[in-house]
Amino acid sequence: MTEKVLVLGLSKSGISAAKYLKTLDYDIYLTESKKDVDLAQVKELEKLGIKVEYGSHSDEFIEGSSYAVTSPGIPPKSEIFKRIQSRNIPIISEIEVAYQNSDIPFIAITGTNGKTTTTSLVSHILSENFDAPYCGNIGVPPTSLMENDSDFLVCEISSYQAQMTEEFKPFISCWTNFTPDHIDWHEGLENYFKAKAKLFLGKQAPKYAILNAKDEKLLEFAKKCNKSKVFLFDTEGYPNACYIKSDALWYKEDDQEEKIINLKDCPLVGHHNYQNIMCGIICAKLVGIENETIKNSIMSFRAPEHRLEKIREMDGITFYNDSKATNPEASIVAIDSFNNVDVALILGGRDKNTDLTEMCNSINKHIKTVLLIGEATERFEENLEKNGFSNIIREQTLETAIDKAISLKPDVVLLSPACASFDMFKSYEHRGEVFKEYVLSK
């Protein structure tokens, strides 16, 4: 009898997992709670012999499944999780499916911020010598790459995906930073940390663990990674490290150091991006890429869309799209990238109700004008004023905020909202595209 597998959600990862597992001759049942679905997608899956239901999760689909494959958007406290778990059916992520059915070594990159840029950069550098596509939370399901016979899979892993792994054991695991986010989904900050920590501990411990030395929680956590060879970035004081010295980035392994690239040759803006590059350098060195190749690859790299992305210069104003900054910590990183310049910052959207004190402190140091939009306007204005910042302008739309910012003739107009986008836009990508299109139309 053919083994039955349940796939949750008509998401990109769910569809990919269903198609891949079908090629392995599993009996696939895909269930989607939403009624509004792409019927062409449903028909395509059904032609492959995959059973699909939408609008509800039936007992018929759940019963008798060997395991369930979940999509990142479905929280563990959801009703469907409870129904599956009550039947003692294991639930795993699509990442786990790819790992369990492949011998391709994974380079796993997680973190609250910076993971997409780092994943893209590592793939870019490694691709000079290897077939090393990026995948995972960056938008490419790893199960869609199983037939490519790649040398490495450079995989961005969200906390959601990490939590639903059990056997996944990367060759290299990287942790860019840790700040509060997704607390509701994980039902607490400590659970959020533990989800990411799974990629470094116990039977999932990688051969190499790479962590941010400037993040106190991760520096302390590094002591627990005793099953891996640990590398720290942004510190000199460790035998295996990458760091800034004499306006250049250096790599050190077993106390032997090598200069990799001068800071002035790095195309990415800000100290957080230097950290992303340091993480990338360590990954590249660990798979044997030559220093000159690493340097040239860094110089040719361009930041992913919506992550402190330089859009254009116009009449002495430089425009940056950082729409991916959906929490205050991410915006702080962008804000702190600018020193001694006149910056007009566009903030706001759907509020995550996290503490704003540290962001207000950064704004006081680096920003001349704040333009507020969206649902968060009132709380953001109240917190800014409470922390001594008063040069605040309220605007009704992103477009009017851009127009007002241009009229101020600053050196920089920065969209870094510190909020989710769903009050005014479909996604942070949609918000970023609207910003770019409007700026480029000027």
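The exercises below, each with a worked solution, concern one predicted model.

Residues are numbered from 1 along each chain as its sequence is written. Because the model is predicted, local features need pLDDT of at least 70 and side-chain atom pairs count only at pLDDT 80 or more, while totals for chains, interfaces and linings use all residues; side-chain values use heavy atoms, with hydrogens and water left out.

**Exercise 1. Describe the overall dimensions and secondary structure of the chain.**

Begin with the secondary structure, which comes to 17 helices and 20 strands, where helices (H or I, at least four residues) and strands (E, at least two) are DSSP runs numbered from the N terminus. The C-alpha atoms fill a box of roughly 70 × 55 × 40 Å along the principal axes. Finally, consider burial, where buried means under 20% relative accessible area, exposed over 50% and partly exposed in between, with a 1.4 Å probe and protein chains only; buried residues make up 58% of the 442 residues.

**Exercise 2. Work out the strand order of the nine-stranded sheet, and identify the helix H11 contacts with it.**

The sheet is open, with mixed pairing and the order S7-S8-S6-S9-S10-S11-S12-S13-S14; two strands pair if DSSP finds at least two bridges between them. Its edges are strand S7 (134–136) and strand S14 (256–262), each of which pairs on one side only. Neighbouring strands are turned by 25° against each other on average, direction ignored, with axes being lines fitted to C-alpha atoms, for helices over the stretch in contact, and angles running from 0 to 180 degrees between N-to-C directions. Helix H11 (residues 271–286) packs on this sheet, touching S6, S9, S10, S11, S12, S13 and S14, and its direction makes about 40° with that of S13; contact means heavy atoms within 4.5 Å. Within the sheet, S11 (residues 229–233) and S12 (residues 241–245) run parallel and are joined by two bridges, and leucine 232 has alanine 241 in S12 as its bridge partner.

**Exercise 3. Which residues of helix H14 are buried, and where do they lie around its axis?**

First list the buried residues of H14 (residues 357–366), which are Met359, Cys360, Ser362, Ile363 and His366. Seen down the axis, they fall within an arc of 160°, so they line one face of the helix; the arc is that of the directions from the helix axis to the C-beta atoms. On the other side, Glu358 and Lys365 are exposed. The cover over the buried residues includes helix H13 (328–335), strand S17 (343–347), strand S18 (369–372) and helix H15 (377–386).

**Exercise 4. Determine how the residues of strand S2 are oriented and how S2 pairs with strand S1.**

In a regular strand the side chains alternate between the two faces of the sheet. In S2 (residues 27–32), Asp27, Tyr29 and Thr31 point one way, whereas Ile28, Leu30 and Glu32 point the other way, and all are buried. Strand S1 (residues 4–8) pairs with S2 in the parallel sense over five bridges, and lysine 4 stands opposite aspartate 27.
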